[in-house]
Amino acid sequence: MGRAFQNRKESMAKTAAAKTKVYSKYGREIYVCAKQGGTDPAGNLTLRGLIERAKKDQVPSHVIDKALDKASGVGGEDFSPARYEGFGPGNCMVIVDCLTDNPNRTFGDVRGCFNKAKSKLGTPGSVSHMFDHCAILAFAGDDEEATLEALMEADVDVTDIENEEGHITVFAPHTEYAKAKQALLDAFGEIEFEVDEIQFVPQTTTPVEGDDIPMFEKLLDTLNDLDDVQNVYHNAEIVA
């Protein structure tokens, strides 16, 4: 799990740097999360984690407040999640998570990105079965046993716990996110999570090398330039 997650973290950093519309992406995600689970972060742990992540990425408070105001009102945009799966350069596997108010437009845009990078979209489930859909919570600490005990007492289905260089990283099924986070907060108080996300983590990696590297980078860049795209996950390992 560790190496795959490290590759994913490096990819996340590159992806974040490529995003030119990060405020609108966060605003949209906060709106949908608040609409589904309530606008009070105290009672909606997913929203709370999302707001904390937005602040770390220096999203202004007015962007967050505007999204929450929209979610608490009547009407407004009607965004729905859409997920696309496919094969990128070097036959690496790619998952694209979107929030859209026009699925036909979004599908066409995503397909266009794949076509330009000489890649192809697959059917739903064609690659996601090779990823673990994980809740990942990382924080400063070194007591792995106390962490596991707290999670077990809360009846959390833990997938893995890593203890590296003074940092504890907990992996759990995405359905256990809220329960796992609450268990850690109850056990250790108001800890600051360095990673607080639900991600697709690849079970294996696919080497991408030679002429496939610039095409792969083009695929990532064009996807992340789309307003509707929230996250891009992949199992590519760049071979320089």
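## Around N44

Leaving aside its neighbours within four places in sequence, N44 is in contact (heavy atoms within 4.5 Å) with C33, A34, G37 and G38. N44 itself is found in the loop between α2 (22-37) and α3 (45-56), where helices (H or I, at least four residues) and strands (E, at least two) are DSSP runs, numbered from the N terminus. With a relative accessible area of 7%, N44 is buried, a word that stands for under 20% relative accessible area, while exposed stands for over 50% and partly exposed for what lies in between (1.4 Å probe, protein chains only).

The model is a predicted one, in which local features need pLDDT of at least 70 and side-chain atom pairs count only at pLDDT 80 or more, whereas totals for chains, interfaces and linings use all residues. Residues are numbered from 1 along each chain as its sequence is written, and side-chain values use heavy atoms, with hydrogens and water left out.

## The chain as a whole

The protein chain contains eight helices and 10 strands, and buried residues make up 45% of its 240 residues. Among the contacts in the chain with a separation of 6 or more, 73% are between residues 24 or more positions apart. The chain exposes about 12000 Å², of which carbon and sulfur atoms supply 48%; such accessible areas come from the Shrake-Rupley method with a 1.4 Å probe, and for residues only the protein chains shown count as cover.

## Salt bridges

The structure holds 10 salt bridges, each being a side-chain nitrogen of Lys or Arg within 4 Å of a carboxyl oxygen of Asp or Glu. One of them joins E52 to R48, with the closest N and O atoms 3.4 Å apart; both residues lie in helix α3, four residues apart, which is about one turn of the helix. E52 also meets the side chain of K181 in a salt bridge (3.8 Å, N to O), and this pair links distant parts of the chain, since K181 is in helix α7 and E52 in helix α3, 129 residues apart. E52 is partly exposed at a relative accessible area of 30%, whereas K181, at 1% relative accessibility, counts as buried.

These residues belong to a network of salt bridges that links R48, E52, K181, E190 and D196. Another salt bridge is formed by D101 and R105, whose closest N and O atoms are 3.0 Å apart. D101 is partly exposed, with a relative accessible area of 44%, and R105 also counts as partly exposed, at 34% relative accessibility.

## The sheet β5-β6-β4-β7

An open sheet of four strands has the order β5-β6-β4-β7, with antiparallel pairing; two strands pair if DSSP finds at least two bridges between them. Its edge strands are β5 (160-164) and β7 (193-202), each of which pairs on one side only. From one strand to the next, the twist averages 20°. Strand β4 (residues 131-140) and β7 run antiparallel and are joined by nine bridges, and the bridge partner of C134 in β7 is Q199.

Helix α7 (residues 177-188) packs on this sheet, where it touches β4, β6 (167-173) and β7, and its direction makes about 15° with that of β4. Axes are lines fitted to C-alpha atoms, for helices over the stretch in contact, and angles run from 0 to 180 degrees between N-to-C directions.

Which residues of helix α6 (residues 144-153) are buried? They are T147, A150 and L151. They cover an arc of only 95° around the axis, which puts them on the same side of α6, the arc being that of the directions from the helix axis to the C-beta atoms. On the other side of α6, E145, M152 and E153 are exposed. What covers the buried residues includes β4, β5, β6 and α7. Just after α6, D155 takes a positive phi of about 60°.

## The sheet β3-β1-β2-β9

A further open sheet of four strands, with antiparallel pairing, has the order β3-β1-β2-β9. β3 (120-121) and β9 (229-234) stand at the edges, each with a single partner strand, so one side of each is left without a neighbour in the sheet. Strands β1 (residues 80-87) and β2 (residues 93-100) run antiparallel and are joined by eight bridges, with Y84 standing opposite V96 in β2.

Two helices lie across strands of this sheet: α5 (residues 103-116) lies across β1, β2 and β3 and runs at about 150° to β2, while α8 (residues 212-224) lies across β2 and β9 and runs at about 160° to β9.
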